[in-house]
Amino acid sequence: MTASVAFQNLTLGYDRHPAVHHLDTEISEGSLTAIVGPNGAGKSTLLKGMMGSLSPLEGTIDFSGFEREEIAYLPQQSEIDRSFPISVLDLVSMGLWREIGAFGRLGRARRTQVSDAIAAVGLTGFEKRPIGSLSGGQMQRALFARLLLQDAKLVLLDEPFTAIDAKTMRDLVEIIENWHSEGRTVLAVLHDYELVGSHFPQTLMLARELVAHGPTNTVLTAENRFRARQMCEACNSTPHICGKSAA
Amino acid sequence: MIYDFLVAPFADFGFMRRALLGCIAVALGATPVGVFLMLRRMSLTGDAMAHAILPGAAIGYLVSGLSLGAMTIGGLIAGMIVALGSGFVARFTALREDASLAAFYLISLALGVLIVSTRGGNVDLMHVLFGTVLALDDSALILLCSFASISLITLAIFFRPLVLECADPQFLRSVSKLSAITHFTFLTLVVMNLVAGFHALGTLMAVGIMILPAAAARFWAQGIGGLIAAAAAVAILSSFIGLLLSFHYSLPSGPAIILVAGGGYVLSLIFGPVGGIVAQNLPRQHFET
């Protein structure tokens, strides 16, 4: 399998404090990977680094074969202004940005695409509603509809199921599995080990440093989970200048 | 009687017709910008920028007297320095945009007051502070109409990125490099409309025609298009009534227009159908689930 994303000696952090420390691994193309680890393990930081909103303190992230625009990202705490008066339809349509850009026309064919995406997440009938009137789960469905339209080769999801009920989660997991079967590479930060075990073939366990990465059943062992917790607690003690560096 | 009160001043006096045209131009240009400022919770930014323009206009006045061109260019330059400077500080340092804007505009305002007072005692300076909507000459009218046109066209071009920059800036950054350009284009529009506004209404009142109609519109419409239309209607109506009051009761026209807009805001606040005080307290039946 070809590598889709390669992390080489990657260190990401804030104000010299590393949140991801000397990470060396590869995400293979078309894989469906869960990123797990305790709070503060650097999972969200890793996604931010991949989106380019945080530059590496050390090391590199290599994307082979696709452009920055072909990555779709659903952040954990979205900066969406829920009081801004746009409709669900407007919000979802923006998923077509790569095709229509700032000035292109939506057109009839694309309108159909938008209603299909809205139907796929079960929000038909909500098109005209302002986004401020949606519940948390409905909002997440709308954001998934937008992701559907983005047609990205690499999809990054940061805790997509926080504060989401079981039914919504099942529907959205189905969408993720569809992406996987279409050959897209999907990375999702998750906390629910049961969900990871049953739906995500690959798992990357982080505790600032890499704990394990591979088939989910070999990674999600009690031993690894214990080690991850210990590593994270150790990280919170007084920091020293790190001497571990690439040659 | 009604004709005498409402129509005759404009039919009989050229300066009233010019004043009305100037105000409509300013209203059309400024209100959409005001709506976006309000939606982005940046209403007070408009106020800060209006103060920031003062030293530029004052320097323009020092250099070439009461010249439309010099004061316009001076105001634009001062406004842009403050907008870009504070935007730059906010994007590349730890200081947030509100604090950096406050710092820049206070420096600018102090400089403006210093310049104005060293050359003070001149009646012409009243022009800078309170505008001369009743003495707009041809070149001033052309300037106001051009600025309004440029502003509306730019807004039409940048509408989609601007809406997205307001609603979901993170998403815009993830799909496009237009985020920074959109933000600075928008700030440029704010400055441009305030400079146009100060010729008609003065630096202190210019921001009123931008923000008050937008705030009033919030009680009449929900969508962005509706908000802009309602705001423009409030601004134009306020200009019309304000000019009439100013004519019949010899009031200064700038403050009269802004006070009428303020009255429009208070009425909207009470009687507006979208979340106004009366509407919120009327017993209403809700839908079945």
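At 17% relative accessibility, Phe158(B) counts as buried (under 20% relative accessible area; exposed is over 50%, partly exposed in between; 1.4 Å probe, protein chains only). Phe103(A) counts as exposed, at 55%. This is a predicted model, in which local features need pLDDT of at least 70 and side-chain atom pairs count only at pLDDT 80 or more, while totals for chains, interfaces and linings use all residues. Residues are numbered from 1 along each chain as its sequence is written, chains are lettered from A and ligands numbered from 1 in the order in which they are written, and side-chain values use heavy atoms, with hydrogens and water left out.

## Aromatic pairs

Eight aromatic pairs are counted over all chains. Rings of Phe, Tyr and Trp (its six-membered ring) pair if their centres lie within 6.5 Å; planes under 30 degrees apart count as stacked, over 60 as edge-to-face and the rest as tilted. The ring centres of Phe103(A) and Phe158(B) are 6.5 Å apart and their planes stand at 90°, so this pair is edge-to-face. Phe103(A) lies in the loop between helix H3 (97–100) and helix H4 (107–120) of chain A, and Phe158(B) in the loop between helix H8 (138–157) and H9 of chain B, so the pair joins two chains. Helices are DSSP runs (H or I, at least four residues), numbered from the N terminus.

Phe144(A) and Trp179(A) are stacked, 5.8 Å centre to centre with 15° between the planes. Phe144(A) sits in helix H5 (residues 136–150) of chain A and Trp179(A) in helix H6 (residues 166–181) of chain A, 35 residues apart. Both are buried. In chain B, ring pairs link Phe13(B), Phe15(B) and Phe247(B) into a cluster.

## The interface

The contact (heavy atoms within 4.5 Å) takes 26 residues from chain B and 23 residues from chain A. About 2,100 Å² is buried between the two chains, 58% of it from carbon and sulfur atoms. Buried area is the accessible area (1.4 Å probe) that two parts lose on being put together, summed over both. Arg160(B), Gln170(B) and Phe171(B) supply 30% of the area that chain B buries against chain A, more than any other three residues.

## Salt bridges and helices

Two salt bridges are counted between chain B and chain A (a side-chain nitrogen of Lys or Arg within 4 Å of a carboxyl oxygen of Asp or Glu). In one salt bridge, the side chains of Asp168(B) and Arg146(A) meet at 2.9 Å, N to O. Helices H3 (14–39), H9 (159–167), H10 (169–175) and H13 (224–248) of chain B each supply at least two residues of the side that touches chain A. H10(B) gives the most, with seven residues.
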